[in-house]
Amino acid sequence: MKSLLRFLRLSRGQWFWMICGILLGMLVMSANALLMALSGWFIASMAVAGASGTAFNFFFPSAGIRFLAIVRTVGRYAERLVTHGATFRILASLRVWLFNRLAPLAPAALERHAGGDVAGRLRADVDALENLYLRILAPLVTGWFTLAGGLLFLAWFSPPAALALLPFLVGAGVLLPLVLRSRSEGPGREAVHHAAELRSRVTEGLQGIEELILLGAVERQAATVEELSARLVASQERLGRIGSFSNGGMQACAGAAGAAVLLAAGVQVAAGEIPGPWLAMLLLCAAALFEAVSQLPAALHLLPGALAAANRIFELADAPLPVADAAGPAPIPRDASVVFRQVSASYLPEQPVLQDLRLTVPAGGSVVFTGPSGSGKSLLFDLLLRFRDYDGSILLGEVELRDLPKDALRTMITALPQRPHLLNGTIRDNLTLDGSELPEEALEQVLVDSGLHSWIASLPQGLDTPVGINGSAVSGGEARRIALARTLLKKAPIVLLDEPTEGLDAATEQEVVTCLQRRFRHSAETTLLVISHRPACLALGDTVVRLGRPSSPP
Ligand SMILES: Nc1ncnc2c1ncn2[C@@H]1O[C@H](COP(=O)(O)OP(=O)(O)OP(=O)(O)O)[C@@H](O)[C@H]1O
């Protein structure tokens with residue numbers, strides 16, 4: 001229930017429309033019950049008047065019936081418009097809220113989630129919250145309001161009929177939904193869990209489809225997906241059976257309630273305590289009340305699934321920040337020097353990677369980090385970017401990195417990651433991810449320095465050439481050079497390049513290295529840190545630092 005309250009707090013901006021939707025729902029339900037009651041009374045009174053030959057003023061009742069019918073139809077339209085509008089706006093703002101919560105968690109806190117899991121929570125789980133207000137909260141409030149109001153209305157005309165109806169309405173509107181809620185809790189939660197796992201597996205399988213085909217592992221992957229689908233279908237079948245039981249129970253209650261009202265009111269009519277036409281009125285009103293109450297079991301049936309989706313979303317959003325941001329006024333680094341003092345760090349606490357690193361890089365200096373695979377070179381860049389925490393001290397322009405707010409830090413650093421990601425768009429889109437205009441004067445030189453110039457000049461669409469999903473329409477080396485150009489286009493005094501020439505042929509690599517050397521040799525303020533295994537890249541540094549494998553923990 002905490003998740004439900006939190007959902008409501010997050011929906012604060014839509015409270016006005018949510019309440020309007022519920023009030024409209026109450027209006028529609030009341031108009032429907034009154035319409036049925038008035039119609040029943042009107043038809044029966046007309047019949048009695050016709051049979052007895054007495055005069056009957058049918059003008060007012062028929063006008064009332066038309067009025068109620070119009071209120072019901074227009075009210076239903078307005079209610080749908082308001083409740084759906086509010087729901088979609090809530091979902092849109094929730095998605096933005098969740099995305100903003102996830103951004104500071106990346107990459108360290110998100111990497112333990114399987115491929116499609118985070119995307120699934122952001123999309124499918126947020127979509128599942130559509131039910132919370134639209135199909136659960138609003139129907140529960142309007143249903144219980146109609147139930148109470150309808151009983152009072154019936155009691156006004158015939159206390160025995162209201163009394164006869166009471167146990168069936170309570171059974172159908174309170175007991176049956178509560179039983180259903182407890183029965184559907186397990187399968188509802190399971191269905192959300194299995195659906196999420198299935199989504200992750202399918203996404204993962206599609207992302208790695210080439211390797212699966214080449215290694216003959218498609219059948220195994222398909223079998224896993226089939227097994228997960230079977231589990232999902234089993235939970236959905238259990239939910240379906242519970243739903244059918246609910247429908248059956250509701251029909252049985254409605255039938256029995258009709259008979260009970262007929263009996264109670266019939267006795268009163270026979271005793272002359274109430275007029276005969278009231279019998280039809282009471283019966284039709286009771287039927288209308290059941291229509292309102294019939295949505296209650298369905299609402300409680302959906303509740304566990306919606307709450308499970310909410311829990312998954314809040315669990316992800318509440319993951320602790322892997323690295324706390326510095327509070328207070330941002331200290332201003334003196335220059336672009338980088339100093340490591342007894343720095344130790346790891347991805348996992350029990351597996352030390354970097355141990356006691358000591359190094360001073362003066363402002364405008366350049367260092368190439370090399371060393372065996374797994375020695376922690378990429379981790380070193382993660383530390384500088386504040387993606388992960390460290391022991392010891394890292395000074396940037398004599399300011400401790402921990403004391404520098406991340407926003408301030410990121411204006412100082414531009415980085416080419418080990419696995420750069422290209423967004424689905426053109427080369428131009430990928431050069432300016434923030435949507436700003438390309439700086440034309442700097443662009444030409446950056447394209448030359450990253451070895452892209454002649455390739456782009458040969459393309460019929462030039463910078464407007466699409467790169468495909470994650471760079472699928474360009475070669476690996478071209479994708480890397482686009483990412484390199486994007487890194488160089490950002491003006492920052494510290495430049496980190498992780499394997500800038502990976503995937504390039506020897507001639508292009510040499511060309512890029514020469515251009516980068518020229519670019520950074522002449523820039524006394526820019527500090528360059530490069531990670532590379534490639535001998536050609538060693539020329540990029542004034543110093544080459546060889547990182548070794550960490551020693552095993554004692
Ligand atoms: N996200 C992670 N979680 C846990 N361990 C990791 C993670 N990423 C890398 N490692 C492990 O940490 C060690 C250092 O990895 P890192 O990528 O920093 O090394 P590297 O020197 O950059 O390697 P390479 O030269 O192959 O890119 C490796 O043993 C690696 O298996």
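In this predicted model, Leu23 sits in helix α2, which covers residues 15–52. Is Leu23 buried, exposed or partly exposed? With 16 other C-beta atoms within 10 Å, Leu23 comes out as partly exposed, because a residue needs 20 or more such neighbours to count as buried and 12 or fewer to count as exposed.

Zooming out, the chain splits into domain 1, residues 2–317, and domain 2, residues 338–546. The C-alpha centres of these two domains are 54 Å apart.

Next comes the sheet. Strands of a sheet pair through backbone hydrogen bonds, and they can do so in a parallel or antiparallel way. Here, 4 strands make an open sheet with antiparallel pairing, and they run in the order β2-β1-β4-β5. At the edges are β2 (354–361) and β5 (399–400), each of which pairs on one side only. Further in, β1 (residues 338–345) and β4 (residues 391–396) are joined by 5 bridges, again in the antiparallel sense.

Which residues surround the ligand? The list is Glu111, Tyr347, Leu348, Val353, Ser373, Gly374, Ser375, Gly376, Lys377, Ser378, Leu379 and Gln418. Sorted by class, this shell holds 4 nonpolar, 6 polar and 2 charged residues.

How values were computed:
Residues numbered from 1 in each chain as written. Predicted model: local features only at pLDDT ≥ 70, side-chain atom pairs only at ≥ 80, totals over all residues. Domains from an automatic or database assignment. Helix = DSSP H or I, 4+ residues; strand = E, 2+ residues; numbered from the N terminus. Near = placed C-beta within 6 Å. Nonpolar A, V, L, I, M, F, W, Y, C, P; charged D, E, K, R; others polar. Pairing = 2+ DSSP bridges.
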